[in-house]
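The sequence and structure come first, followed by notes on selected features.

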Amino acid sequence: MTGIQIIAFDADDTLWVNEPYFQEAEQKFCGLLEDYLPHHSVSQELFRTEMERLPLYGYGVKSVMLSMIETILRVTNNTARPELIQKTIEYGQELLNKPIELLDGVQEVLEALKGKYRLVVATKGDLLDQERKLNKSGLAHYFHHIEIMSDKKEKDYYKLLKHLDCKPENFLMIGNSLKSDVMPVLEIGGHAIHIPYHTTWAHEMVSHEVKGDNFYTFETISDILPKLLS
Ligand SMILES: [Mg+2]
């Protein structure tokens with residue numbers, strides 16, 4: 001892996017735990033509607049709302065909260081007790097107040113790479129929430145730049161690279177999502193490392209195999225160091 005100048009890290013489920021918290025909130029949400037539908041059907045209804053609203057609401061906790069409220073109204077045919085809405089808001093606020101749990105090896109990897117590359121965070125989600133998480137994580141000082149992106153498609157990466165004044169061949173993206181962190185970056189000529197997390201949001205799933213000369217997969221974040229420090 002030669003010519004890398006900037007390394008960008010995804011945040012959720014790459015630097016710290018995220019998806020398990022969302023799944024926990026979703027399970028509690030499904031419990032709220034169990035008088036109306038079985039849990040897995042509530043999950044499906046919620047996912048349907050989220051996908052319909054994604055262009056309008058974008059990613060993040062507050063978007064999920066709105067989708068949950070819309071799902072309650074649809075599933076109950078607008079007869080929901082206000083307590084269900086109140087509980088949903090509570091679950092969302094709990095998500096926003098979760099402590100930050102760094103994934104194993106993250107701190108050591110950033111420590112080893114700092115000064116050798118320009119390090120960047122490139123993440124989706126609510127602006128305020130991601131800023132709060134980054135501050136709570138204690139990792140902010142490792143990064144030259146933090147980019148909170150409304151989406152992670154090719155055009156979004158072009159914009160980021162232009163802002164960073166970096167050519168694709170000098171750019172490496174590291175993340176847990178093939179769809180958001182790997183495929184668009186390879187497509188524009190950058191390098192990508194996939195570090196799978198044990199659980200993935202359905203929206204980020206990819207069914208086909210990803211291949212490319214500039215693409216690597218590692219089991220843990222610590223495994224990238226030999227590749228980047230040699
Ligand atoms: Mg992620």
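## Glu169 and its surroundings

Apart from residues within four places of it in sequence, Glu169 is in contact with Gly3 and Gly189. Glu169 sits in the loop that runs between helix H7 (154-164) and strand E4 (171-175). The model is a predicted one.

The C-alpha atom of Glu169 lies 7.1 Å from that of Ile4, although 165 residues separate the two along the chain. Glu169 has 14 C-beta neighbours inside 10 Å, and it therefore counts as partly exposed; the partly exposed class falls between the limit of 12 or fewer for exposed and that of 20 or more for buried.

## Two loop residues with positive phi

Asp165 lies in the loop between H7 and E4. Its phi is positive, about 55°, although Asp165 is not a glycine. Asp165 has 9 other C-beta atoms within 10 Å, so it is exposed.

Asn77 belongs to the loop between H3 and H4. The phi of Asn77 is near 55°, again a positive value in a residue other than glycine. Asn77 is exposed because 8 other C-beta atoms lie within 10 Å.

## The packing of H3 and H4

How are two packed helices described? The angle between their axes and the distance between the axes are used. Helix H3 covers residues 61-75 and helix H4 covers residues 82-96; they pack at an angle of about 165°, and their axes are 10 Å apart. An angle over 145 degrees counts as roughly antiparallel, and H3 and H4 are therefore roughly antiparallel to each other. Their crossing is right-handed.

On the H3 side, the contact is made by Val61, Val64, Met65, Met68, Ile69 and Ile72. On the H4 side, the residues are Leu84, Ile85, Thr88, Ile89, Gly92, Leu95 and Leu96. Of the residues in this contact, 11 are nonpolar, two are polar and none is charged.

## The chain as a whole

The chain has nine helices and six strands. Its radius of gyration is 19 Å, close to the 17 Å that the globule rule gives for 230 residues, so the chain is as compact as a globular protein of that length. The C-alpha trace spans about 60 × 35 × 30 Å along its principal axes.

Of the 230 residues, 31% count as buried. Among contacts in the chain with a separation of 6 or more, 69% are between residues 24 or more positions apart.

Technical notes: Residues are numbered from 1 along each chain as its sequence is written. This is a predicted model: local features need pLDDT of at least 70, side-chain atom pairs count only at pLDDT 80 or more; totals for chains, interfaces and linings use all residues. Axes are lines fitted to C-alpha atoms, for helices over the stretch in contact, and angles run from 0 to 180 degrees between N-to-C directions. Helices (H or I, at least four residues) and strands (E, at least two) are DSSP runs, numbered from the N terminus. Angles under 35 degrees count as roughly parallel, over 145 as roughly antiparallel, 65 to 115 as roughly perpendicular and the rest as oblique. A crossing is left-handed if the near helix is turned anticlockwise from the far one by less than a right angle, and right-handed if clockwise. Two residues are in contact if their C-beta atoms, placed from the backbone, lie within 7 Å. Ala, Val, Leu, Ile, Met, Phe, Trp, Tyr, Cys and Pro count as nonpolar, Asp, Glu, Lys and Arg as charged, and the others, Gly among them, as polar. The radius of gyration is taken over C-alpha atoms; the globule rule is 2.2 Å times the number of residues to the power 0.38.
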